[in-house]
Amino acid sequence: MVMKESTEKLERGEPVPNFELEGTDGETHTLADFADYDAVLLVFTCNHCPYAQAKFDILNDIAAEYDDAAVVGVNPNDAEEYPDDSYEKMVEYVEDGTIRYDAYLRDETQEVAEAYGAECTPDPFLLRNGGDTFTLAYHGRLDDALNPDDEPTEIYIRDAIDAVLAGEDVDLEFMPSRGCSIKWK
């Protein structure tokens, strides 16, 4: 396991790249599919990484709690080298209730992860829906639990989502997310 921290590639307020990715529901999804949400928490994640697994519950909770914010997981890992990150395993995780996000998408070409500058799993990007475009509102860690076995005492992402839903700027400095490196092809 190679631990990695994220770096900033996109600027806050900057339009984010669109995508066209297959979901575990068998449908192809783009950002426009989430136009009914004021915010989208786009998290580059995977099935096998202990750092990503440690955040399944918080992401499931956020997906259940917020009506105006969508949680969208994107798995970019090389499934040839890491079979636990295959599309079929993603479907299993959704079907057995391990993952209950609004959508769980497969970035088979890894182009979306590259366009966003994602580096680790999990690597969260909070997007603001501006009506005709989505912009970056926050990129950084979900909470203060830096290791998979740590219990969080502060959940930063809830404050960030609340700010976006209130039409305010996110008042959080960049704190790099930490996790397994993305498994590039």
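Q: How many cavities of 30 Å³ or more does the count come to?

A: Rolling a probe the size of a water molecule over the atoms shows where empty space is left. In this predicted model, the count comes to two cavities of 30 Å³ or more.

Q: Which residues line the largest cavity, and how does its lining divide by class?

A: Among the lining residues are Lys 55, Pro 122, Pro 124, Arg 141 and Arg 178. By class, the lining has six nonpolar, one polar and four charged residues.

Q: What lines the second largest cavity?

A: Its lining includes Tyr 51, Ala 54, Asn 147, Pro 148 and Asp 150. The classes here are five nonpolar, one polar and three charged. Lys 55, Ala 145, Leu 146 and Arg 178 line both the largest and the second largest cavity.

Q: What is the volume of the largest pocket, and which residues are closest to its centre?

A: The volume is about 210 Å³. Closest to the centre, out of 14 lining residues, are Ala 54, Asp 57, Ile 58, Glu 151 and Pro 152. Helix H2 (residues 56-65) gives the most to this lining, with three residues. The lining has six nonpolar, no polar and eight charged residues.

Q: In what order do the strands of the open sheet stand, and why is one side of E3 and of E9 left without a neighbour?

A: The seven strands follow the order E3-E2-E6-E5-E4-E8-E9, with mixed pairing. Strands E3 (28-29) and E9 (134-139) are at the edges and have a single partner strand each, so one side of each lacks a neighbour in the sheet.

Q: How do E2 and E6 run?

A: Strand E2 (residues 21-23) and strand E6 (residues 103-106) run antiparallel, joined by two bridges. Gly 23 has Leu 105 as its bridge partner in E6.

How values were computed: Residues are numbered from 1 along each chain as its sequence is written. This is a predicted model: local features need pLDDT of at least 70, side-chain atom pairs count only at pLDDT 80 or more; totals for chains, interfaces and linings use all residues. Side-chain values use heavy atoms; hydrogens and water are left out. Two strands pair if DSSP finds at least two bridges between them. Helices (H or I, at least four residues) and strands (E, at least two) are DSSP runs, numbered from the N terminus. On a 1 Å grid over the protein atoms alone, a cavity is a set of points where a 1.4 Å probe fits but cannot get out, and a pocket is an open set with protein on both sides within 12 Å along at least five of seven lines; lining residues have an atom within 4 Å of a point. Grid points are joined across faces, edges and corners, and a volume is the space filled by probe spheres set on the points. Ala, Val, Leu, Ile, Met, Phe, Trp, Tyr, Cys and Pro count as nonpolar, Asp, Glu, Lys and Arg as charged, and the others, Gly among them, as polar.
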